[in-house]
Amino acid sequence: MTATSSYSGELSEPAGWVGRAIERREDDRLLKGAGRFVDDIVLPGQLHAAFVRSPHPHASFTEVDFAEALAVPGVHLCLSAKDFDQLPHVKPNWILPRSIPRGRPILAQGRVRYVGEPVAVVIAESLAAARDAAELVRVDFTPLPHVLDQRDAIVSDAPRVHDDMDSNVAATFSPGNGGFAKAADAAPFRTRFRLRNQRLVPFSIEGRAVNADYDTVTGRMTLNIAQQLPHMARRMVAETIGFPENRLRVISPDVGGGFGPKMHVYQEEAVCALASMKLGRPVKWTESRSENVCNTTHGRDHEMQVDVAYDHEGKLLALRIESLANIGAYMSSMGSGIPTVNVGLFVMGVYEIPSVEVDIKCLYTHTPPVDAYRGAGRPEASYVIERTIDRVAHELGLDPAEVRRRNFLTENQIPRRQPTGAMIDSGRYHHTLEDALRRADYDEFRQAQAKARTDGELTGIGIANYTESCGVGPGQVQKLVGFDRGGYESARVRMTSDGGAMVFSGSHSHGQGHKTVFAQIAADELGISPDRIEVIQGDTDSVPQGVGTFNSRSIPVGGSAVKVAAGRVADRIRRLAAHLLQVEVDALQREGDVFRAPDGGVIAFSEVCHAAWTGHNVPADLGVGLEETEFYHPTSMSAPYGAHIAQVRIDRETGEIALERYVAVDDCGTVINPLLARGQVHGGLAQGIGQALWEDGTPEADGGIILDTPIPRFDMLPRFETSHTVTESWTNPLGAKGLGEAGAIGAPPAIVNAAIDALWHLGVHEIDMPLTPARILAAIDAAEQESAQ
């Protein structure tokens, strides 16, 4: 494909398997309870681990007393940091240039820095015995001053999270083209306001889990892990514990949701591996929900100051963003990159803004580490620019949809690299917005809203025109920003002698439906049904070295690897068939499962595959077998986009907000499977709506995280109205972009914009998420008091 994207409107009838809404092949087994998750795996001689965790956000300690724990029947081993000559640390692998990384010690050493940090571990015959013994471990904690909020952490006399640092600043990032002050001084209007993107606690249906099994005979280690990146987990565990990577096998079986936190390596994996080596028996740990809340990485947590200059028509002239990002007590795997690169590059969204300055500071605090969570920086960026567009519109008394139209990048400006550095590969933003407005009956809503206000009703409509970056790569760009991870993805396609196929993919599914969509992609290339294709993932001993699933890269990068490898296999099959029929390749015709020569000669597809694996009468230039491996490396990242519209109603007496309607029109380029694509949008929307209305992982004063954060259920959500436009991307052979994070990016600004739209005439200009009834009532009361003064 050239660097010009093609537009094909809405979804059309597919010519092949790609584009068909076939049902997920994975579901039958999973719905019947036949899934195999890490906690289902019970190995011979199985032992269990229970961790002793810090009850304090910051404290020192000198002694860990195991006397009572060791007396519990069935206990085999107790470990603390003192049991290691050189205590291993889990180090980050995205280290932004000039940042100050501090990795997690696998067990706290004399100091704990957040509630939930592992201090010790007990290994026992049963989980009950391990947990009982863990409760008997005595630690002499001495509480120390702590800091939980980034606004407090940045002040000069704040308690230091790490004593060897001069401040709590872990990293800084300042993209943009400058010139803000000059442009703002010359602008007719200028508005300053504050935004907060609250901390979130990711909740997967399946918690994190590891079952480590060291073989004392072979010296090999097998780790069964609930993981998004099996090969990356192998590398990181090997690096952490000093184990040869070629003797470490990682198996990630069925994974019950990931959302970002399951692509990291944590203390528990390393400790279980080392314990298995000490005992020569397998050691398993599965996190409880309370452990999920306090030790699995959190998401978001940005405090932002916005300064925007604009003209009478709502055209943005200059934008300055200052953000303080809370990254927790230690720098997690991607902890310095998510709140900086992933936010800073995309704060301009889909708009043309002449002057942009961004200043982001990452702060260590005495809280659990913060890292990637569905969207990973793009939700924060979209939130700030979409709230800014609406704020400008309301300040001027203009329609928010019209202000967007006046600021959109146009098609003749794309492809484009924004002044912040974001690459926009494709975009027809006007079309997507107009489609969404039509589907949402926008004009009719505005008319009804005006009448409702005369009756004292509070209704609002909000828009979000998001974009993001997907399919992380190429590797050269990752190196520039300190991201020590590959940008490629692997696929091996192997035909079997009966005409079936096996696809080995370095991507890894945790609910996306790879077994279905990768089979569809390969089926079109090979000319066979997806039912004849088996997709294998998650085992580092059988799958080619891969990168894994994150950043919505499975289709644009992993799917492209499958397409390229399968295409090469198909070419070899065709060439071999021509040789066996003694005709030129161009003269060969494929009719279903047979190849036909002009002279009437016929050979079955399966016969060609059989011949390839016997090696009989196979030309030397083709070689024996039918197998190809591709390490697909994208030339650039793709930028999917969409227009989301939310309609809300607010009860003036109670502050309750009802989300009455939600319309989402997304453009992810080529849609491999519309049914699965719809499911991805629905899942993202549920999480984005959860952030907007209910969820909050902000620590309490003692550093603890509330365990009963409301998670949206299906009966709390409206019926989603979703659609797609199709603008193919030139960055990969499928013309595809990512989709899995779209809903989590578009929903928060759309819903908050709708709420502010309902309340602006009362004097309410900003409300922090989540939009709880108490916050809405407080905002209305504050506005009324200010108006009365």
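Is glutamine 582 buried or exposed? Hold that thought until point 5; here are my notes on the model.

1. Ground rules first. This is a predicted model, with residues numbered from 1 along each chain as its sequence is written. Local features need pLDDT of at least 70 and side-chain atom pairs count only at pLDDT 80 or more, while totals for chains, interfaces and linings use all residues, and side-chain values use heavy atoms, with hydrogens and water left out.

2. The domains. The chain splits into domain 1 (38-144 + 203-295), domain 2 (378-469 + 637-788) and domain 3 (488-632), with bounds taken from an automatic or database domain assignment. Between the C-alpha centres of domain 1 and domain 2 there are 39 Å. Their contact (heavy atoms within 4.5 Å) uses six residues of domain 1 and eight residues of domain 2.

3. What that interface is made of. Domain 1 and domain 2 bury about 590 Å², 76% of it on carbon and sulfur atoms; buried area here is the accessible area (1.4 Å probe) that two parts lose on being put together, summed over both. I looked for salt bridges (a side-chain nitrogen of Lys or Arg within 4 Å of a carboxyl oxygen of Asp or Glu) and the count between these two domains is zero.

4. Isoleucine 327. This residue sits in strand S19 (residues 316-328); strands are DSSP runs of E, at least two residues, and helices are runs of H or I, at least four, numbered from the N terminus. Isoleucine 327 has a relative accessible area of 2%, so it is buried (buried is under 20%, exposed over 50%, partly exposed in between, with a 1.4 Å probe and protein chains only). Leaving out residues up to four places away in sequence, its contacts include Ala170, Cys362, Tyr364 and Val370.

5. Most residues other than glycine have a negative phi. Serine 552, in the loop between strand S26 (533-536) and helix H16 (554-581), has a positive phi near 45 degrees and is buried at 16% relative accessibility. Glutamine 582, in the loop between H16 and strand S27 (589-591), has a positive phi of about 60 degrees. As for the opening question, glutamine 582 is exposed, because its relative accessible area is 63%.

6. Cis prolines. Most peptide bonds are trans. Isoleucine 414 and proline 415 are joined by a cis one, omega about 5 degrees, and proline 415 lies in the loop between helix H11 (400-407) and strand S21 (416-417). The bond from methionine 769 to proline 770 is cis too, with omega near -5 degrees.
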